[in-house]
Amino acid sequence: MGSPLRIVNGRVYDPANGVNGVVRDVCVRDGKIVDDVPPDAKRIDATGLVVMPGGVDIHCHIAGPKVNLARKVQPETHRDDVQLRTRVTRSGTGGTVPSTFATGYRYATLGYTTAMEAAVPPLGARHTLEEFHDTPVIDKGFFVLVGNNLLLYRLLQEGRLEEFRHALAWWLTVTKAYAPKLVNPGGDEMWKGQRNANITALDDKIGAFDLTPRRVIAAFIEAANALGLPHPVHIHCNNLGHTGNVETTLETMRLAEGRRAHMAHIQFHSYGAVAGKSRSNPTSRARDIAEYVNTHPNISADVGAVMFGHSTSMTADAPLAYMLYRIAGGKWVNADTENESGCGIVPFTYQDQVYTNALQWAIGLELFLLSEDPWRMVFSTDHPNGGSFMTYPRLIRLLMDSEFRKQQMAQVNQKALDHTSLRDLQGREYSLYEIAIITRAGPARLLGLTAKGHLGVGADADITLYEEDDDKEKMFAAPRYVIKDGELIVEDHEFRDDHGGRVLHVAPAYDAKIEQVIEPFFEDYYTIRFANYAVDDRYLSHHQVIPTAAPAAAATPAGAARP
Amino acid sequence: MSLALTLHTVPTVPLEAEVLSPARLAGLSAPEAAKLTVVYGNQRADLGDFFKVGKGADGELHLTGDLARVKRVGMGMAEGRIVVHGSAGMHLGTGMTGGEIVVEGDAGDWVGSEMTGGRITVKGNAGHMVGSATRGSAVGVRGGEILIFGNVGNEAGSGMRRGLIAIGGDSGDFAGVNMLAGTIVVLGRLGWRTGAGMARGSIISMHPAELLPTFAYACTYSPLFLRLCLLHLGRLGLPVARSQVEGRYQRWCGDAVELNRGEVLLLDSAPGA
């Protein structure tokens, strides 16, 4: 994988190894960072350049059935944003939901080399892996939706917790997933049964089950920790986007009781209500959320910041999509209802003069600026929900440049800002070191990717070289070099090579006897035979199994091949 | 600009030539214009591979030949005048904001889709989607005029918000589907499901038509705006009869699924009734 390479005299930001802007060389061989390379190795003169590990996106939506549906529902965004073929790269279309090839290349042109698709129904795993196959350059994995799963609910309701854990491990293994994902646990189940039904509180009863979201969430946190997964359960809380949902969010975090849990796009879950009013506009409760996360090291979160302009709301939370459709008034689509999940797509535009939109934008910034531990409050826009990943450079500038932030604040709905503490946070600016944490080292650590997000010996040689600039948006929009697995992909801002990237997945061990529990359920209810359900290795070309920490006792090794 | 281009090689697959626009050719000599890039199928080619470029006159762009497979002529143009002596391909004047295009022959699909200003005149027939929204867009034509002397295909004026589309012949199905506002005049016959989903706007025809059940008859009258509109169209050369200008029209309100704010006006078959 590539000839030896020496990156000379770059200013290195490698927070995982405590390197803060030190001028030094970085050596690469066989796709890994090494101590030294022979003197005749190819050299890149990085004098005046900032060297960082490749970016790691912990939460985005880039592949699978709902992403493709979002492409299909917005053909008008394709013709205005055509990506032409080059000598080494393939063509595609952009917009807020780029085609597969364009997704890979565009992430690469921002210096990102790893991204996690955050919501895939198990039945959509094959589709997702096929799209991954056509998503170049970046390494990628997906979180599998398990929070509205009937069999898991049934096991939980009957108190069969050990089988519940084995069944969860089975689902992760057979779908080639990276982590378990809960989306509005119980909400999709309610939505499917009754018009416009949803979960409103953690103690609501879930449809016909003798279960509550509280019990479901606690069980998944417990099981994911017991399985020793590299990334814990990834939670999209109940009540996303609703005024006053902060109580639900805090309550959900408390359920972890010291165990690890990751809270997705927490900005969308940080809304208060005006006291004494039953119906009011949302207010910011970012302070309460930030304080809880700051003081609870078991909890991590990605922000899910909102950026003004076009976005596509794309979620497994079907009742939420219906709510957004009633606000947006344009087109929407509801799908995946037949899967072990739900899904809704709503093209959406965030406008700076709209109270709620400006509030959401401000809360995203507040959460970043109030965070005391950048390792656990990491970067995301929940692409393409809060904004496309192409807005990342602008968001970085908002964090690093308080003067720019002040200018932008002057242009938004001021009543919304009155309900936030953003004006009190003018003094806070992120440093390059902290940006390297929230966009690279932090997400990699939270994902348990020990070879990513840093430049220590043995790490994957995913490296970005930026030209330092006072305009951080400009700086982060176009790295001069991007190296993936030791290969020079982008040189002088142009693609020099194409690259496949790997699929990252887990294969936690489970007791094979669990299949005797699952199979009859399939034969009774599924549209697919049990024997045909597990995704076989033909769907993986380049892949890597990320090991789990503590295999469950008395378990057989899972069937996945190791590279 | 003042160039005269003559098609010397008829393309066998579509040729995308948005360079055939006044602003793109402004100030270019004939050899420079011949060097402009066009997309031929999935290949790139020079404009000169297909067109002989000569000196023109009158500050106009003259295109001669069977351009039925030449797409995007005048796309996005803002000013100037293009005359096509022959037929034009798809996406003629798509998204244009001003200026004028005259086609002596027929035009393909998507004539003037999502245009915001200017005028397109087609002396022959035009294809489907005349002055319509592009697939996925909610809004089509936002201004300007499209005159088709012959017949048109389906979905003329879909999603139209403002402006005037006039058709001398017959229209296909779904004329004015999802229309938001604006005016469509069809001197010939309407196809099926005219005005389906229209929110506001006026669709006029000189013949009886079978309308959707979500359109309701309101009254028969002589709207003043229509008299002015038809006189205007007559001056532009469309065959408007005096009986049509002075006629009485049945007003049908619809589409009821969009709160009945739009209208279809049909020339009353029994004048004076």
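# Helices and sheets in a predicted model

Colleague: Is the crossing in which α6(A) passes α8(A) left-handed or right-handed?
Modeller: This is a predicted model, where local features need pLDDT of at least 70 and side-chain atom pairs count only at pLDDT 80 or more, whereas totals for chains, interfaces and linings use all residues. Residues are numbered from 1 along each chain as its sequence is written, while chains are lettered from A and ligands numbered from 1 in the order in which they are written. A crossing is left-handed if the near helix is turned anticlockwise from the far one by less than a right angle, and right-handed if clockwise. The hand in which α6(A) passes α8(A) is right-handed.

Colleague: Which residues of α6(A) and α8(A) make the contact?
Modeller: Residues are in contact if their C-beta atoms, placed from the backbone, lie within 7 Å. From α8(A) come Ala219(A), Ala223(A) and Ala226(A), and by class the contact has six nonpolar, no polar and one charged residues (Ala, Val, Leu, Ile, Met, Phe, Trp, Tyr, Cys and Pro count as nonpolar, Asp, Glu, Lys and Arg as charged, the others, Gly among them, as polar). From α6(A) come Leu161(A), Phe164(A), Arg165(A) and Leu168(A).

Colleague: At what angle do the axes of α6 and α8 of chain A cross?
Modeller: Axes are lines fitted to C-alpha atoms, for helices over the stretch in contact, and angles run from 0 to 180 degrees between N-to-C directions. The axes of α6 (residues 161–175) and α8 (residues 213–226) of chain A come within 10 Å of each other, and their crossing angle is roughly 65°.

Colleague: What is the order of the open sheet of four strands in chain B?
Modeller: Strands β3(B) and β4(B) pair in the antiparallel sense over four bridges, and β2(B) pairs with β3 (residues 37–40) in the antiparallel sense over two. On the other hand, two bridges join β2 (residues 15–16) of chain B to β7(B) in the parallel sense. The edge strands are β4 (43–46) and β7 (70–71) of chain B, and with this mixed pairing the order is β4-β3-β2-β7.

Colleague: Which residue takes a positive phi in the hairpin of β3(B) and β4(B)?
Modeller: Within this strand pair, Val39(B) has Arg44(B) as its bridge partner in β4(B). The hairpin has two residues between its strands, and the residue with a positive phi near 60° is Gly41(B).

Colleague: How many residues of chain A are in contact with chain B?
Modeller: The side of chain B that touches chain A has one nonpolar, three polar and one charged residues. Five residues of chain B take part, and the number in chain A is five.

Key. Contact = placed C-beta atoms within 7 Å. Pairing = 2+ DSSP bridges.
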